[in-house]
Structures are given as C-alpha cells and as structure tokens.
Amino acid sequence: MEIEIDKNALPQKGLLIASTVLIVLVALGALGWWILPDGRVLTRTEWQVIRQRAAYSRELRTLAEATEKLIELLGTSPDPVRASLVVDQTYRALDDVTLASLDASRAAVLNAADTLNAWALGEADRDEVVVALSAAQDELIQALERAGDE
C-alpha cells in the first residue's frame, strides 16, 4: 500500500498543521506508554478504580488526622471550650469522608470525638475516651490493611 502526498496540492499552512498534530500525537503516545502501568491503555473501569483508591487514601488520611487531633487533646487537661472547637473541626472534616467502605472508621472517629467532648464537660471518664480512641485507631488500622490488600 502506498500513500502519495503531493506537496504542491497541500497549502504550506495545512502541511505545518498536519506535521504538528502528528508530532504531538507521537509525543503523547510515548508519554502514555511511559506513564501507564505495564504500558497498556486504561479502560474506564480501571481509571475509576484508580480514582476511588486515591479518594480512599485521601479520606483515610482525613480520618487519621482527625484522630491525631483528638489524641493530642486528650493529653491536655479537660477544657470544654477547646474540646468543643476540636470536635466541631472534626465533624466538619469528616463531612468530606463519603466512601461507604470507610463508614465504620468514620463512625468510630465520631464516637471518639463525642466521648472526648463528654470527658471535657465532666460527663465521662478519661478511660472511656482512651477506649473510644483505641477503637478508632484499630478501625483505621483495619481500613489501612484493607487498602494494602488491594
């Protein structure tokens, strides 16, 4: 099969545009081959899986950061005002955690936040907060292990 292109038939501008498009396509193909796993083209499903894994990691990180703030607050003396602010921040941060696979972890962190707030108000013992925070950490560890299994 032969393809003949008569340079005189094509205007100079058209040849320049065609050459540029060809170079860009080859460059993008080479870049995709280098970036994509195993040099294969991702299907829509594979792309969605990658996006969901990234969302899972991001939301898990949000849960872990909220838990760390609660643990730091437990290390101080009971302060209802500070506890209320940290718990409110925790609730706002956890509004962004929407994946169903992290519902148990989210519930454990929210329970720990509520228990810590009750402790700061004098309505709960410190031991109850420690148990709730330990449960939240255990749930986060399990969620992290589930992420590693994939």
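Start with Leu70: in this predicted model, Leu70 touches Val86, Thr90, Val109, Ala112, Ala113, Leu116 and Leu133, leaving aside residues up to four places away in sequence. Leu70 also belongs to the H2 side of the contact between helices H2 and H4, and it's among the residues with the most contacts inside the largest nonpolar core.

**How H2 and H4 pack**
- Helix H2 runs over residues 44-74 and helix H4 over residues 103-120; their axes come within 10 Å and cross at roughly 20°.
- That angle is under 35 degrees, so H2 and H4 count as roughly parallel to each other.
- The H2–H4 crossing is left-handed.
- On the H2 side, the contact is made by Leu63, Ala66, Thr67, Leu70, Leu73 and Leu74, while H4 brings in Ser105, Arg106, Val109, Ala112, Ala113, Leu116 and Trp119.
- Sorted by class, that's 10 nonpolar, 2 polar and 1 charged residues.

**The nonpolar core**
- The largest nonpolar core holds 31 residues, and Leu63, Leu70, Leu94, Leu102, Val109, Leu116 and Trp119 have the most contacts inside it.

**The chain as a whole**
- You're looking at 5 helices and 0 strands, which read α-α-α-α-α along the sequence.
- Of the chain's 150 residues, 25% count as buried.
- Among contacts with a separation of 6 or more, 71% come from residues 24 or more positions apart.

Key:
Residues are numbered from 1 along each chain as its sequence is written. This is a predicted model: local features need pLDDT of at least 70, side-chain atom pairs count only at pLDDT 80 or more; totals for chains, interfaces and linings use all residues. Side-chain values use heavy atoms; hydrogens and water are left out. Axes are lines fitted to C-alpha atoms, for helices over the stretch in contact, and angles run from 0 to 180 degrees between N-to-C directions. Helices (H or I, at least four residues) and strands (E, at least two) are DSSP runs, numbered from the N terminus. Angles under 35 degrees count as roughly parallel, over 145 as roughly antiparallel, 65 to 115 as roughly perpendicular and the rest as oblique. A crossing is left-handed if the near helix is turned anticlockwise from the far one by less than a right angle, and right-handed if clockwise. Contact means heavy atoms within 4.5 Å. Ala, Val, Leu, Ile, Met, Phe, Trp, Tyr, Cys and Pro count as nonpolar, Asp, Glu, Lys and Arg as charged, and the others, Gly among them, as polar. A nonpolar core is a set of buried Ala, Val, Leu, Ile, Met, Phe, Trp, Tyr and Cys residues joined through side-chain atoms within 4.5 Å. Buried means under 20% relative accessible area, exposed over 50%, partly exposed in between (1.4 Å probe, protein chains only).
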